[in-house]
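Reader: I would like to work through this fold with you, one element at a time. Could you set out the terms as we meet them?

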Amino acid sequence: MRIVLLGAPGSGKGTQAQRLVERAGIPQISTGDLLRAAVARGSELGRQAREAMEGGRLVDDSLVLGMIRERLGEPDTRRGFILDGFPRNLAQAHALERLLEALQQPLDAVVQLEVDYRELVRRISGRRTCADCGRVFNMLTSPPAAGELCPKTAAPHRLTQRPDDNEATVTERLRVYDEKTRPLIDFYRARGLLRVIDAEGHVDEVTRRLARALGAPLRAPRRTRGAGTVKAAASKRASAGAARARSGRTARRKRPSLRSSRSKAAAKTARVARGKSRRPGSSGRGRLKGKRR
Ligand SMILES: [Zn+2]
C-alpha cells in the first residue's frame, strides 16, 4: 500500500498517518525527517541539503527526491509507505511520479482528508495554552472544567493564545494551502488515484473511513491514542459502520493483510460517508490535543 496523504493544517493528518503506521505496519516517510536524518548522517545528499539550508535557500526538489529514492531502497518499505509532506506542488507530483515509475513502485492511492475550512478556523482559533503549566485547551471542545485550578499556581489556568492561532492567520494559512494543493488534487484525480474522505468527527471514525477508502482492514488497537472531535454531534446514530468496528475488534491483534489494497476495491469503498457513526463506548470527550495541527 503506497499512499500519499493530503490534508490542510489542522485536518488531523498527522494523527491518521500515525494510525496507519501502527495498524498497517508500513512506514511513514516524512521529507522533513529525511532531510534532518541525512544532515545528521553527513551523507552526500545531507551535505548538499545542509549547504542549501545554511545558505537560506530552499532545498532543491531533486535533492528531496534523491532522499526519497534512497529511503525507498530500505527493506521496511517493501510492503508500502505513507508519504508525508511531499509532493507539495504539481512539479513535485510529476517528479515523484517519474521516480516511482522508475522504481516500479507506483502509488496505490492519494487520500485527501477533507474538512470544512470555517470549522478548522473556528477550531484552531479556539486553542489556548496555559502560560503556567503549558496545558493545551480548546475553548470550543475542551475548555478547562469549572473551578479547575492550575497545578503549578493553584490559581485558575492563565490561558493565552499563540500569535499564529488567530483567525486571520489561520485563514491565510488555509488559503495558501488550498491554492498549492488544488492542482495536486486535480492531478491525482485525473489518474484515478484520489480518494476523498470526510475528516470531520471523531478520530476513530475518520480512521474507519480511511481504512474503507484504502480497502484495507485497519484493526483498532485496545488503547485509543489521540483524540479530537470536530463535530461530536455529527455522530449520533449507531450504524453498520459501528457494527463492523465491533466485529473487527476480535481480530485486532493480527496485522492486516496489505495485499487487499488494490485501487479498484479502494475506489468502491471510497465513498464519503458523512458523519455516519461513532463506535459506541469510544471516548466522545473531544479533546483537541496540543500536538494536532
Ligand atoms: Zn495551568
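Author: Helices (H or I, at least four residues) and strands (E, at least two) are DSSP runs, numbered from the N terminus, and two strands pair if DSSP finds at least two bridges between them. Residues are numbered from 1 along each chain as its sequence is written. This is a predicted model, in which local features need pLDDT of at least 70 and side-chain atom pairs count only at pLDDT 80 or more, while totals for chains, interfaces and linings use all residues.

Reader: In β4, which residue is the bridge partner of Ile3?

Author: Strand β1 covers residues 2–7 and strand β4 covers residues 109–114, and the two pair in the parallel sense over five bridges. Within β4, Val4 has Val110 as its bridge partner. For Ile3, the bridge partner in β4 is Ala109.

Reader: Which residue in β3 does Val4 stand opposite?

Author: Strand β3 (residues 81–84) runs parallel to β1 and is joined to it by three bridges. In β3, the residue opposite Val4 is Leu83.

Reader: What is the order of the strands in the open sheet?

Author: The edge strands are β2 (28–30) and β8 (194–198), each pairing on one side only. The open sheet has five strands with parallel pairing, in the order β2-β3-β1-β4-β8.

Reader: At about what angle to β8 does helix α7 run?

Author: Axes are lines fitted to C-alpha atoms, for helices over the stretch in contact (C-beta atoms, placed from the backbone, within 7 Å), and angles run from 0 to 180 degrees between N-to-C directions. Helix α7 (residues 167–190) lies across β1, β4 and β8, and its angle to β8 is about 120°.

Reader: Are the residues of β1 buried or exposed?

Author: A residue is buried if 20 or more other C-beta atoms lie within 10 Å of its own, exposed if 12 or fewer, and partly exposed in between, with C-beta atoms placed from the backbone. In a regular strand the side chains alternate between the two faces of the sheet. Arg2, Val4 and Leu6 point one way from β1, whereas Ile3, Leu5 and Gly7 point the other way. Six of the six residues of β1 are buried, so this strand is largely enclosed by the rest of the structure, and the word asked for is buried.

Methods. Contact = placed C-beta atoms within 7 Å.
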